[in-house]
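Biologist: Hi! Could you walk me through this one while I have it open on my screen?

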Amino acid sequence: MSAPAFPDPPTPLLSGIRVLELGSFIAAPFAARLFADFGADVIKIERPGTGDELRSWRRPRGTTSMMFRTIARNKRSVTLDLRTDEGRDIALDLVRKSDVVVENFRPGTLERWGLGPEELAAVNPDLELVRISGYGQTGPYRERAGFGGVAEAFAGLRHVTGHPDREAVRPAAPIGDVLAGMYGAIGALMSLLAKARGQRPATANTTDVALYEAVYMTMESLVPDYDAYGSVRTRTGGSLPGVVPGGAYPTRDGQSVMIAGNSSAVFGRLMEAVGRPDLASDPALADGQARGLREEELNAVIGDWTRRRTAPEAVDLLNDAGVPAGPVYDASGIARDEHYRARGMHRTMSVRVEDSPEDVRFPGVVPRVPAAPGDVRWVGPDLGEHTDEVLKDLLGLPSERIDSLRTNGVV
């Protein structure tokens, strides 16, 4: 009796694409990770000896942070000093064999190293170059240093984040960097698609992403409201202007639930669920603008209802009523949740934190493409883990040459 035949696993969507990552920290590495999760061969270039500084961020123990292991997953790490002539030549050899280069240095840095757009195009005219920087490659601020937090302030996000009687606060996640990375990946993919269709013009092979612009794209009608109405948005705590009722409400068990009851249809269902049908049918509350004028009253009604229930009870009752609601989770809540588990949003990987391998759950792959899903094949690699492999197999360098490069501090 023959063994049952199993279908071959689907070919990853980006199999055959090679990305050379010249960046560090978050923005460019996040862009490259999107490629890596879907099968692209991503080669991450790191400085010999120290590597990406992200390796040491938020690291209570061990030598490599879980933040680096997460953002550098599915990539190959090659050490290379781009400031040396030999390092530059090797980088150009890698460019010849790549489809995309992603970088997030300050504008002018690659040019000083002899790795600017002209040099890259000379060795690979079909290359897609993604450049992520604080303020973009043009404009009066182009040479300013830029980090995600500064971009969030410059784009207006910090000014509207927090409570009105306190200083502005930062979002507790690298929003600016991640958004810029996503825009960078989208730009490269659009160019690759246009090239595959024979539609890409000769000048369309550079994607220029400014951190502040990526954040500014999330700010809705911030400036249009200023021009049209003369209004300047300010900090409003846990609520958004005109989005009433909505926000986090405390529960009996010391937790809180996030409720979004601001659309007219949902508002009626919410008021019915919390025992206030009179408010559901009140014609004076049929309009979102009118509900905004009674925000304090509506929030008091909802808060009184949630305080008499646990967070799970409140979420179940509201979802049964067709009201968008969910728990305000911390890391432990996310780690326990059955829906995260069912959707594959936790990938358990064996990783060396200190002396011996440990099971650690890492985020799954987004977006979800069932016909050809992405995968977490390995976590962020050790510094230079793939240097010999890449230089030998991809560039054909003999072991003696690699040893010499290592002795001279080039790799």
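Modeller: Happy to! One term before we start: contact means heavy atoms within 4.5 Å. Also keep in mind that this is a predicted model.

Biologist: Is S77 buried or exposed?

Modeller: Buried: the relative accessible area of S77 is 0%. Buried means under 20%, so S77 qualifies with its 0%.

Biologist: And where does S77 lie?

Modeller: S77 lies in strand β3, which covers residues 75-79.

Biologist: What lies 2.9 Å from a polar atom of the S77 side chain?

Modeller: That is the backbone nitrogen of G384.

Biologist: How far is S77 from R406?

Modeller: They are 15 Å apart in space, C-alpha to C-alpha, and 329 residues apart in sequence.

Biologist: New topic, β5. How many of its residues are buried?

Modeller: Six of the six residues in β5 (residues 128-133) are buried. In a regular strand the side chains alternate between the two faces of the sheet. Here E128, V130 and I132 sit on one side of β5, with L129, R131 and S133 on the other, and both faces are covered.

Biologist: Which strands are joined to β5 by bridges?

Modeller: Strand β4 (residues 100-103) is joined to β5 by four bridges, running parallel. There, V101 stands opposite L129. Five bridges join β5 to strand β6 (residues 206-210), and that pair also runs parallel. In this pair, I132 stands opposite V209.

Biologist: What about the sheet with β7 in it? In what order do its strands come?

Modeller: The order is β7-β8-β9, an open sheet of three strands with antiparallel pairing. β7 (246-250) and β9 (325-327) are at the edges with a single partner strand each, so one side of each has no neighbour in the sheet. Direction ignored, neighbouring strands are turned by 25° against each other on average.

Biologist: How many bridges pair β7 and β8?

Modeller: Five, in the antiparallel sense, with β8 covering residues 256-260. P250 stands opposite S256 of β8.

Biologist: Which helix packs on that sheet?

Modeller: Helix α13 does, touching β7 and β8, and its direction makes about 40° with that of β7.

Biologist: How does α13 pack with α10?

Modeller: Helix α10 (residues 264-273) and α13 (residues 295-306) pack at an angle of about 45°, their axes 10 Å apart. They are therefore oblique to each other. The crossing is left-handed. F267, L270, M271 and A273 of α10 make the contact with L298, I302 and W305 of α13.

Biologist: Last one, helix α1. Why do you call it largely enclosed?

Modeller: Because ten of the eleven residues of α1 (residues 27-37) are buried, the helix is largely enclosed by the rest of the structure. Among the buried ones are F30, R33, F35 and D37.

Biologist: And what comes just after α1?

Modeller: There you find G39, which takes a positive phi of about 100°.

How values were computed
Residues numbered from 1 in each chain as written. Predicted model: local features only at pLDDT ≥ 70, side-chain atom pairs only at ≥ 80, totals over all residues. Heavy atoms only, no water. Helix = DSSP H or I, 4+ residues; strand = E, 2+ residues; numbered from the N terminus. Buried < 20%, exposed > 50% of the residue type's maximum accessible area, 1.4 Å probe, protein only. Polar contact = N/O pair within 3.5 Å; in protein donor to acceptor, adjacent residues only side chain to side chain. Pairing = 2+ DSSP bridges. Axes fitted to C-alpha atoms, helices over the stretch in contact; angles between N-to-C directions. Parallel < 35°, antiparallel > 145°, perpendicular 65-115°, else oblique. Left-handed = near helix turned anticlockwise from the far one by under 90°.
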